[in-house]
Amino acid sequence: MTSPSPVGTRTLGRDGLVVPALGLGCMGMSQMYGAADRDESIATVHRALDLGVTFLDTSDVYGDGHNEELVGEAIAGRRDEVQLATKFSLSRNDRGGMDIDGRPENVRARVEASLRRLRVDVIDLYYQHRVDPTVPIEDTVGAMAELVQQGKVRYLGLSEASAASIRRAVAVHPIAALQSEWSLWTRDLEAEVLGVAREHGIGIVPFSPLGRGFLTGAIRSPEDFAEDDWRRGHPRFTGEAFAANLRLVDAVRALAEEKGCTPGQLALAWVLAQGDDVVPIPGTKRRSYLEENVAAAAVELSDDDLARLGDIAPPGVAQGGRYVDSSYAYGDSPERAA
């Protein structure tokens with residue numbers, strides 16, 4: 001990094017990938033959360049870099065390549081400031097779902113395509129987006145390790161991997177980061193995976209640390225979603241689950257008012273307080289939300305605050321599954337059928 005980040009820095013992995021304490025998830029700039037706005041998205045990336053949020057997260061499947069192209073355009077001329085993360089292994093199928101491909105030849109082909117779209121010579125952090133249950137992870141990570149040797153990738157990561165997959169992967173090559181969902185309403189990671197990752201010195205990169213926007217308190221009704229927003233069909237945003245989860249949000253809001261911050265800032269501060277090896281990547285496509293998220297780095301939580309949040313949002317508190325298709329959470333493990 002060219003200068004210290006105003007949000008502070010943290011280190012992912014034992015080999016020392018230094019990133020700001022807060023990253024930026026770019027997925028929503030291209031898919032899932034309503035209409036895209038290219039100009040505002042690029043302006044948001046530029047503002048993030050100006051604020052020291054230089055850890056950018058994308059994937060080749062977001063917008064079927066559009067998101068990598070957008071990020072590549074946004075960082076042109078500022079590549080040296082950025083810690084750039086992208087992912088491979090997922091692709092959309094004609095059944096409306098996702099296929100996972102962890103074959104070594106796919107690893108090699110997908111990285112070349114990502115480098116072209118991002119307009120860069122090297123990717124700082126390259127994740128397997130989901131572990132392929134039909135391909136030994138040793139083969140996939142072995143092919144990823146070759147990319148490091150070739151100078152095309154600097155560090156390796158896994159996303160939503162099970163404890164067993166993590167143990168097998170690190171036997172092949174060091175893993176710098178594990179990206180998984182982690183927030184006040186999704187604490188599954190803490191049961192087993194978190195401990196195994198830390199045992200091997202792997203940093204944690206939580207996605208959806210704001211509960212897909214719900215923990216900000218801005219969503220009070222399913223009608224608050226745009227017609228093309230995928231959350232309209234999400235198990236946690238429909239029926240009785242919505243009303244139950246809204247009570248959780250209201251409890252977070254009440255404590256946030258005491259602390260003099262927004263509910264979203266309190267939720268982010270909780271994730272940041274889970275350890276110096278934790279780097280959440282809240283996603284947004286608007287500068288105003290980015291600036292609100294960055295301010296969360298200044299919110300200090302006492303032991304009492306953390307205990308109260310633990311009482312408000314214990315593991316398993318959220319109603320409804322994490323995905324419509326539960327296998328998407330942990331595609332390589334027994335949780336697939338959970």
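This is a short walk through one protein chain, from its overall make-up to a few single residues.

First, the ground rules. The model is predicted, so to speak of a local feature we need pLDDT of at least 70, and side-chain atom pairs count only at pLDDT 80 or more, while totals for chains, interfaces and linings use all residues. Residues are numbered from 1 along each chain as its sequence is written, and side-chain values use heavy atoms, with hydrogens and water left out.

Now the overview. The protein chain has 10 helices and 11 strands. Those are DSSP runs, numbered from the N terminus: helices are H or I with at least four residues, strands are E with at least two. The chain has 338 residues, and 57% of them are buried. Buried means under 20% relative accessible area, exposed means over 50%, and partly exposed is in between, with a 1.4 Å probe and protein chains only. Next, contacts, meaning heavy atoms within 4.5 Å. Take the contacts with a separation of 6 or more: 75% of them join residues 24 or more positions apart.

On to the core. A nonpolar core here is a set of buried Ala, Val, Leu, Ile, Met, Phe, Trp, Tyr and Cys residues joined through side-chain atoms within 4.5 Å. The largest one holds 81 residues. Which members touch the most others? Leu24, Leu56 and Leu178 do. Look at Leu56. Leaving out residues up to four places away in sequence, Leu56 touches Leu24, Cys26, Val45, Leu49 and Val71, among others. Its list also includes Ile75, Val82, Gln83, Leu84 and Ala85. There is also a second, separate core of 14 residues, including Ala85, Tyr127, Ala177 and Ile281. As background, nonpolar side chains tend to be buried together in soluble globular proteins.

Next, helix packing. Two packed helices are described by the angle between their axes and the distance between the axes. Axes are lines fitted to C-alpha atoms, for helices over the stretch in contact, and angles run from 0 to 180 degrees between N-to-C directions.

The cut-offs: under 35 degrees is roughly parallel, over 145 roughly antiparallel, 65 to 115 roughly perpendicular, and the rest oblique. The crossing of H1 and H9 is right-handed. H1 brings Glu40, Ala43, Thr44, Arg47 and Ala48 to the contact, and H9 brings Arg287, Leu290 and Glu291. By class, that is 3 nonpolar, 1 polar and 4 charged. Ala, Val, Leu, Ile, Met, Phe, Trp, Tyr, Cys and Pro count as nonpolar, Asp, Glu, Lys and Arg as charged, and the others, Gly among them, as polar.

The second pair is H7, residues 239-259, and H10, residues 303-312. These axes come within 10 Å and cross at roughly 165°. That makes H7 roughly antiparallel to H10. Their crossing is right-handed. On the H7 side, the contact uses Leu248, Ala251, Val252, Leu255, Glu258 and Lys259. On the H10 side, Asp305, Arg308, Leu309 and Ile312 take part. This contact has 6 nonpolar, no polar and 4 charged residues.

Then there is H8, residues 263-272. Is it enclosed or open? All told, 10 of the 10 residues of H8 are buried, so the helix is largely enclosed by the rest of the structure. What covers them? The cover includes strands E1 (9-12) and E11 (203-207), plus H7, H9 and H10.

Last, some single residues. Arg119 has a positive phi, near 60°. Arg119 sits in the loop between H3 (104-118) and E8 (123-128). At 56% relative accessibility, Arg119 is exposed. Ser208 also has a positive phi, near 50°. Ser208 lies in the loop between E11 and H7, and is buried at 14%. For context, most residues other than glycine have a negative phi.

His234 is in the loop between E11 and H7, buried at 1%. His234 and Gly320 are 86 residues apart in sequence, yet their C-alpha atoms are 8.3 Å apart. Finally, Arg108 in H3 is partly exposed, at 38%. Beyond its neighbours within four places in sequence, Arg108 contacts Ala143 and Glu146.

Methods: A crossing is left-handed if the near helix is turned anticlockwise from the far one by less than a right angle, and right-handed if clockwise.
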